[in-house]
Amino acid sequence: MTSEMSSVAKMMSEESEPMRHIDLGSPPLEQPAAGHWFPGPPPPVYSCTLTPELVAKAREELQEKPGWRLRDVQALRDMVLKEQPNLRTRLDDAFLLRFLRARKFDYDRAMQLLLNYHTSRRAWPEVFQDLKPSTVKHVLDLGFLTVLPHPDPNGRYILCLRPGKWKANDYPFEDNIRAIYLTLEKLIQPEETQVNGIIILADYTGVGLSQASNPGPFLAKKVVSILQDSFPIRIKAVNIINEPRIFKGIFAIIKPFLKEKMAERYVLHGSDLRSLHRNIPRSVLPEEYGGVAGLLDMSAWSKTLLDSEEEFIVEFCQPDPLEGVVLPDSMLFEGEHPGGGARDDDTFRGLRSQLYYCY
């Protein structure tokens, strides 16, 4: 261990009182206005907000030891400063903890995830350039996504996607990805989400050939790469409902890029709401999905994101964090060349034929 890590360890106790630590990069953020149901952003100085139950859960599932937490953060910070001194990244405790928790406090894997997180921004400028809520207001107004106001019994927030609301001539598909990414960034701020993870509910009502074939395999690969390998969030389940026959073709595009563990978390319910309720209880679902939590409200989450505009400007509308950083070609998205550009379209043409057949 480094001398810095040793000194940090000496300062720590088993959390008999909150540890105050030096902030190395988190922007000053205001607490949300009264009436917001989603937790606000973390304060500039880290203090653990986990309940005793979540502390125990983090210890069991994520190998997180309360007394060693800030020592582990310092170890990751030291790795960044030593191995990537030119990387313009946040180094505050709350930010780095997201990556440690997502990789069960394995320093090397957390470091790789952090690099992937920044690399994905460079690899997909159509999504990450000028990324802020006001630029996706049209996606939110369309009702493409929302977050349900009540987490499930395991404390997991539910990201509700409705891809059938989007049509190919509405706006570029990348705008949907921008809205999803901003939502994930907001969801991962509370520590309880970092421990509990999230679940996805995707309603495929109205999805036809134009929506299914538009992204293509290369775009699908980039989306999956971000969710699996480039973002510090734990997706615990993906519930698909009202999927049409064409979904076989859609899943044929996605599945080759999914890790086995993630593929096993996809649950297809069709129109069987009883099947859905065995995975997500009615108590947290809106009436549209057979629940008792009121009508589906798209406006609350839209307001939560749009009210976070300044926060995201600080986070994303800055110079390239990788400028001056040399990364190996192995960190590029599969099929992408150092000079940019996608791979050959033969795979897409073959899968498009499958979609026509399923349709």
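In the predicted model, helix α3 (residues 69-83) and helix α5 (residues 107-123) approach with their axes within 10 Å and cross at roughly 55°. Helices here are DSSP runs of H or I of at least four residues, strands are E runs of at least two, and both are numbered from the N terminus. Axes are lines fitted to C-alpha atoms, for helices over the stretch in contact, with angles from 0 to 180 degrees between N-to-C directions. The pair α3 and α5 is therefore oblique, given that angles under 35 degrees count as roughly parallel, over 145 as roughly antiparallel, 65 to 115 as roughly perpendicular and the rest as oblique. The crossing of α3 and α5 is right-handed, the near helix being turned clockwise from the far one by less than a right angle.

Residues are numbered from 1 along each chain as its sequence is written. As the model is predicted, local features need pLDDT of at least 70 and side-chain atom pairs count only at pLDDT 80 or more, whereas totals for chains, interfaces and linings use all residues; side-chain values use heavy atoms, without hydrogens and water.

On the α3 side, Arg71, Asp72, Ala75, Leu76, Met79, Val80 and Glu83 meet Tyr107, Asp108, Ala110, Met111 and Leu114 of α5, contact meaning heavy atoms within 4.5 Å. Eight residues of this contact between α3 and α5 are nonpolar, none is polar and four are charged. Nonpolar denotes Ala, Val, Leu, Ile, Met, Phe, Trp, Tyr, Cys and Pro, charged denotes Asp, Glu, Lys and Arg, and polar denotes the others, Gly among them.

Helix α4 (residues 93-102) also packs on α5, the axes coming within 8 Å and crossing at roughly 120°. This angle makes α4 oblique to α5, and the crossing is right-handed. Phe95, Leu96, Phe99, Leu100 and Ala102 of α4 contact Tyr107, Ala110, Leu113, Leu114 and Tyr117 of α5. The contact of α4 with α5 comprises 10 nonpolar residues, with no polar and no charged ones.

Four cavities of 30 Å³ or more are found in the whole structure. A cavity is a set of points, on a 1 Å grid over the protein atoms alone, where a 1.4 Å probe fits but cannot get out; lining residues have an atom within 4 Å of a point. The largest cavity holds about 710 Å³, and of its 33 lining residues, Leu161, Phe173, Tyr204, Val223 and Ile254 are the closest to its centre. Helix α11 gives the largest share of the lining, five residues. By class, the lining of the largest cavity has 30 nonpolar, three polar and no charged residues.

Notes
1 Å grid on protein atoms, 1.4 Å probe; cavity = no way out; pocket = protein on both sides within 12 Å on 5 of 7 lines; lining within 4 Å. Points joined across faces, edges and corners; volume = space filled by probe spheres on them.
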